[in-house]
Every structure is written in C-alpha cells, then in structure tokens.
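Student: I have a structure to go through, and I would like to take it part by part. Can we start with what the terms mean?

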Amino acid sequence: MSNIKEIIAKSKMFVVGGIVVLILVLLPLVENIGNNYILTLLFTVFIFVILSQSWNLMGGYAGQFNLGLAAYFGSGALSCSLLISVGLSSYVAILAGGLLAAALGCIVGIPTLRLHGIYFAIGTLAIAEALRITVANIFPGWSLVPSTYWETYSIIERYYICLALVVITIIIVYSMVNSQVGLALKAIRDDEDAAKATGINPAKYKILVFIISSFLAGLAGGVFCYFRGSISPYHQFSVDWTFGPLMAACIGGLGTITGPILGSIIFVLLQELLSQTVGKAYFIVTGVLFILVILFLPGGLVRSRESLRRFLAGLISRKSESNTSLF
Amino acid sequence: MVAQVIVYGIIIGVIYGLVATGLSLLFGVMRYMNIAHGSFLIIGGYISYWLFTLWHMDPFVSIPVVMLAMFLLGLIVYRVLLSPLGKFPEGQRLGNSMLITFGLILVLDNVMCLLWTSDVRAVTTSYSKVVLELLGVRLPLISLAVIGITLIVIIALHLFLNRTYFGKSIRATAQNWEAASLLGINIDRTYLVACGVSMALAGAAGAAVALMYSITPYSGLQWLLRALVVLVLAGLGSIRGVFLAGVLLGVTEQVSVFFIGGEYRAVVGLGIFVLILLLKPQGLFRQ
Amino acid sequence: MLEIHRIDVYYGDLKVLYDVSLTIKDGEIVVVFGSNGAGKSTILRTISGLLRSSAGSISFNGLSLIRQPVHKIVELGICMVPEENKVFPEMTVLENLELGAFVGKARQAKGSTMNWVYELFPILKKRSKQKAGTLSGGEQKILLMGRALMSQPKLLLLDELSFGLAPLLIQDLFRTIRQLHKSTGMTTLLVEQNVRMALELADRGYIIENGHIVAEGKAQDFLGNKRVKDAYFGIASEE
C-alpha cells in the first residue's frame, strides 16, 4: 500500500520538476529576447544550484564539510578560460574544466581521507586558501578570452547550456543518492565505524563523492567563465564561493535534493532585492537568516513543517526536554 | 640578519599566540569552534582605534577598556547564540557552532563595513616610529611594548586558571563537564565566563593589531586562519601549549618568507598546517 | 528523605524507566540491583539531574528535584559517584578534591573535610601531588569517592562502585562505607552488581528489571531468599 503512495509521490516530483524545466526552457522564447536581466538572474540561480548541490552531496549526505569548494569552482573557471583562449571549443573547455577540477578533487581528497569532522573542514579550507593565494600570484588580474568572443556571444545559448548542466547535476545527485552509494554515504555520515562493520569501505565512497562534487563545481566554474567571458582568479577562488552555496544548502535543507534548490532561489533573490538598498545589507540579512535557520529550523526550510511541529510539541510536553541535550 | 628575522617572527608570533589562546579557550572549554573569532579581534581593533581617534586615548591605556568591553560582548554572544546550541545532540554541536559563527562573520564584518567603511585603519601614535637597536637588531618600540603587555595578559590568564577557584572550575569543566556539574559547578555560568574571557583576549589582540599593523572589516579571517594553524600545531583542546605554538608559527613564517618572499607568507602557514594535520593531527604539545 | 514517585524516563524515544517509585529514609543505606541494562544507573542519573523524568515526581526533604539543574541538586546536598571514570585527569589529586568542595558551605570547611577524607583514604594523601590521570583505575574510584565526600553531602549516590575493581579493593571500599555510615549516619543509595556485599551493607533493597521495580524489601530478607541468590549472586560474589 505504502509502495503505491511512494510511487505516486515520486511521480508527482518528476512531473513538477518536468514542468519547471519546461517553463525554464520556454522562458527565453516567450520573453522578449532583450531581457537579459531575467536570464542573468536565472543564470546566477543555476550556478548556485549546481554549487549547492555539489556541496550538499558531500556535506549533507556524506557528512563531510568541504570548506574548500571554491577551489574547484575556481579551477574549473580558470582552466576553461585558459583553454578557450588557446582556441579550444567552448563546450569542450567547460567539460575539461570539470574534469580538471575532479582531478584536483582526487589529489586533495586522498590525503584528507583520514581527517575527520572539524579537521577535514579546516584542512580543506586551508588548502583552498593556499591555492587561492598561489593562483592569484601566478595569474594576477583578469583573465580574458579573445576579443572575437564577444562577436558571437549569445546569452540564450549560454542560458540553455547552464540549464542543461543544472538538470544533469540534479540527475546525477538524485541517482547517486537513491542508489547503494547513497545508502553507504548516509551510513558513513551517521556512524563511520558502524558502517565499516557492515563491510562498507568509507575511503572509497568519500573519494567518490569528493571527485563527483569537485567535477560538478568545476563544471559550474567552466560555464561561469563561459557566461562572463572573463574571470578573476582571485575572486573565483574566494571563500565566498564556498560559503554562499553552503548557506544556500543549509537554509534550504541539508541532505535533501530540493533543499539546495530552494535555498539557492532564496539566496539569489535576496541578493537582488537587497542590492538596491544598502549593498551590505544583503550579507547581513543572509547571515542573520542563516543563523536563525540553524538554531530554530535545523533541517532547513524544506523540513520546516516538521521542525515547527517538534518545537511546538516541545513547548507543551515535558517528554521532549530531551535527555540528549546539554543543560 | 637571521636574528632580525627571528625577532620579527617572535613579534608577530606573540600576536598569533594571543589570538589562538582566546580561540582555544572557547574550544577547550565548550568544544565550540568560533570561526568568527577573527571578526571579534577586528571589533576590538576598532574600539581601540576610535578611542584613540575620538578621545585621544593612548592605545596601551585602551587595552583594558577594550578587554572589558569585549568581555561583556562575549557574555551577550554566549547567551544569545551559543547557549541555544546545547539543545542539539552532542555530535551535532561542534558542526553547528561552526555554521553559526560562520554566519556571524557575515553579519559582523558587513555591519562594521557599513558603520566604518572598508577603509584601512591603523593607530599611529607619536612614538609609533621609534625603533631601538640592540646588537644590530632593530626592535620597534611598540612591538616591544606589545610583547610585554601580551606576556602580562597571558601570565594573568595562567594565574587565573590555575590559582583561583573559579579558574580551576573552568579547567575542570574543560576536562570533563559532566563530572564538573556533579560537583555543583554551574556549567552554564562557566561557559559564559569562558566565552567572555575568550572575546577579551581577541579584543586585546585586535588592539595590538590596530597599533602594529592595520585593520579592515574583512581582515579578520586571515587572523582566524593563523589561529587555527596554531591550534592544530599545539593540539586541539590544549590551552597551555598554544601561546608557544603561536610564537613558533610566527618565527617559522618569517624565516620562510625570508627565502620565498612575502606574497606566499600565508601559504607557508597553511602548508605547515596541512602537513601537521596529515602527519601528527594531535598536535605537537598534546600529552 | 528522598521520595521518587512514579517516574518515567526516556532516552530520546526509548523508554528506560517505567513508573518507578522508591523511598529512602534518613540514615538508611538502600541498594538497587538487577540485571545489566535494567535501568539501575538511570535512576541515579535522574536523581542527580543528568537525566530528566517525563512524568512523576522526585522530592528531597520536601523539595522537588524535577527540572532542577544538576549543580542546584548538588547544592541541595545530593552527591553522585558516577560509574565511569570522571576524574579530572590533568589536575592533581589535591586539586580534584578541592573542586569537590566547590559548593557553598563545603568550601569554607574545605581544609578539615580534606583531612577527614585523607584519614578515610590514606592512599589519596600519598598521591596528593600526582596528576589524577596517572592513578590506577581503583585509585581513581577512591578519588571519586573522596571527591564526593568533600561536598559534605546529605545523600550519597554510588553508581556501581565495585565495577572493574579487584575483590580486595571492593572489600576495603565497602568496609569504608560501613565505617562512614557508622560515624556520620550518611544516607546512601547504592546501585550494585556485587549484590551480596551490597545487601550485607544495606538496610533495604529494590530489584529493578527492564525498567520496572519488581521487588522491594529488607536486605536480610533478600539475603535469605533462594531465588534472589540464584538470580543475582553471581560468580563475583563467591568469596
């Protein structure tokens, strides 16, 4: 009986998803083509969705807080721009950006395997920061692509590429999470030793998610470069590109597929709304929202109904003065 | 020449040690990682800066004022942001503390930028340029004074933690909070005070930084990263070896900068960091 | 002195104590025993405030202990010697004991109380300058006891005191408790695996199984009961 319910729920999800994608596909054709503003806005949302899904894959499902995500985004952007400027086809360059980022992820992922929890977080952060400084010293300033670039620039084409990447990302993440791999990841997240005891090799899965996560981030970097036409290594490697997606994923809901999507939309919309006012207000508001969500809606907005229910129940009964809390 | 490099290393290492001590106090006692520690350092720097600029308070005189103000700020921060973390199950608290304090960085840094613009600020006194020379080594006067003050602060902290009853209860709580509570120690209050002291230390470091170097609203993160390196060097959770580890990092950085050049200074520290993490994660000084 | 009335305790969603009731009168020694995992330690942890009960009441000399924070309960005069090792490893024996007297009135009497504790447990005096982490398991248990006594408790809660200790040391400890009780009339609630020795010491006892209190009675009655002997006097108590 519940099986049928599950199937219906899942198909509902697919249908909704399909409709959304359809709308997004048709959008540029309906709006007047000169409306770059909306397309650019959506593009930013797409980038954030890819990055937050990427971070969420490691952080939400595997429990590995990778604070160095920016390095993979940046390296994807950097390699893409370098490859385009030597004449490589753009799509190939984007893909190459992703693959190179994945390779970087492998290189970083293997030694950091033995680091747990907080050590892993600050270790990946340190490596990313070190990379940023090194890259900024080697490639100072803006990296431009050839001037012929702008003659054939079509924003719609870039929009569709990015949309395609978003869909691919979600498909990849979805299939990973709902496969044996996903189960293994959750087991590792909840209790690594127990997972080992059931024959799961944590190292294998941790490396796998690291590589896939970096691949996706690198793709995002590549398409970002493709869209912007120029990048600044200093900025693309900056921690902002880690923390933004991180916050989007957390606000939306760690460990879910829809969470990062929702979070990214909110994140980018907030930025748009608030950047008209005092520019910094955006960061402040986002920061406060982030803190509030962590404290009061753990599990993010996607699970907010559940969290609110528990919170209210807690106010009433004595039972939920849980014996697992500190005071 | 080498002596000069080492002296510069000690000068900045002392600051690293001070910042790291504050961070490690919070982590050691409560097992919360305050990533925004660097931002609080900068707040302390701004307090010192404005006391100097508006009321001509000598930066050294302002240090106790800054420390008091930051202590009070720490009490508020604990009560509003950190104590609610207690409701989470044990395994999640550290992670959530990192997330919350990360959000705090965004808020604090940008509020500071809003209030005081992102201009670079520094405290320059009439004696800022005075340099002593001893055996061919240049010793800037303010650096010497800062070293002196820092040593006083660290020694005072040591005495507090080891000679006073309350200080001992803080150490006891750090070692085993459940046992401490079973002896009648009010854990909540202990955490409250520890947080305040941690901020006070950050503030003192900030005042020193404003005097010896410069501050901007966003420069907190780099100090935090250094402090993290020091923490891992000394061994996460150890409050004692931290100061020494800070000095060690400072000297090592300066020596390598001598060879590699200034732009890669941070990379050196981060490189050491990663090496330690991979080879000896429990740190150098941990028993 | 202590009255527990129909408490339920959950750990997360798992119910571990069902409708438990228990009383202790001034000056009594009461023992709670039962199989492993039956909930014995949970009772002590709930009294001391480390765990919260979600129903029922706990009152100590008329005062309710429900929802009181742990340190308040200690201030009221209830002190628990926990089962796991909870010494402060980096601090000396002396400092550990000092911290035992953290609570208000006990602090002033710190000096004389410490002398008394040293008399009861001479080994602590011998090791007073050593770091607690370097003591053997048994010595640490003794330190825990001494530290608990430093707070001049009215009610002493002992959680599996004999756990992991050599038989000779267990005998010593129980002898000391008897001595303590004789000289001060210290009200004591014990949770014990070593049932025979505990019953020989105690006035009354309770049996707990699967979170339920299944029996209550005088210690001598339990000692004479064949079923109790068969079920609970294990190899450990064959002396």
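Tutor: Contact here means heavy atoms within 4.5 Å. Keep in mind that this is a predicted model.

Student: Which residue ranges make up domain 1 and domain 2 of chain A?
Tutor: Chain A is split into two named stretches. Domain 1 covers 1–34, and domain 2 covers 42–264.

Student: How many residues of domain 1 of chain A are in contact with domain 2 of chain A?
Tutor: The centres of domain 1 and domain 2 of chain A, taken over C-alpha atoms, lie 25 Å apart. Contact is counted on heavy atoms, with a cut-off of 4.5 Å. On the side of domain 2 of chain A eight residues take part, and on the side of domain 1 of chain A the number is ten.

Student: What share of the area buried between domain 1 and domain 2 of chain A comes from carbon and sulfur atoms?
Tutor: The buried area between domain 1 and domain 2 of chain A is about 770 Å². The side of domain 1 that touches domain 2 has nine nonpolar residues, no polar ones and one charged. Between these two domains of chain A there are zero salt bridges, and zero residue pairs in polar contact with both at pLDDT 80 or more. The share from carbon and sulfur atoms is 78%.

Student: What is the area buried between chain A and chain B?
Tutor: The size of an interface is often given as the accessible area lost when the parts come together. In this interface, 41 residues of chain A are in contact with 49 residues of chain B. Carbon and sulfur atoms give 83% of the buried area, which is about 3800 Å².

Student: Which element gives the most residues to the side of chain A that touches chain B?
Tutor: Three helices of chain A each supply at least two residues to that side: α13 (281–296), α11 (240–252) and α5 (117–138). The residues of that side divide into 31 nonpolar, seven polar and three charged. With 14 residues, the element that gives the most is α5(A).

Student: How many salt bridges does the rule find across the interface of chain A and chain B?
Tutor: One residue pair in polar contact, both at pLDDT 80 or more, is found across the interface of chain A and chain B. For salt bridges across this interface, the count is zero.

Student: Why is chain B described as being as compact as a globular protein of its length?
Tutor: Chain B has eleven helices and two strands. For 287 residues the globule rule gives 19 Å, so chain B is as compact as a globular protein of that length, its radius of gyration being close to that value, at 19 Å.

Technical notes:
Residues numbered from 1 in each chain as written. Chains lettered and ligands numbered in written order. Predicted model: local features only at pLDDT ≥ 70, side-chain atom pairs only at ≥ 80, totals over all residues. Heavy atoms only, no water. Domains from an automatic or database assignment. Buried area = accessible area lost by both parts, 1.4 Å probe. Salt bridge = Lys/Arg side-chain N within 4 Å of Asp/Glu carboxyl O. Polar contact = N/O pair within 3.5 Å; in protein donor to acceptor, adjacent residues only side chain to side chain. Nonpolar A, V, L, I, M, F, W, Y, C, P; charged D, E, K, R; others polar. Helix = DSSP H or I, 4+ residues; strand = E, 2+ residues; numbered from the N terminus. Rg over C-alpha atoms; globule rule 2.2 N^0.38 Å.
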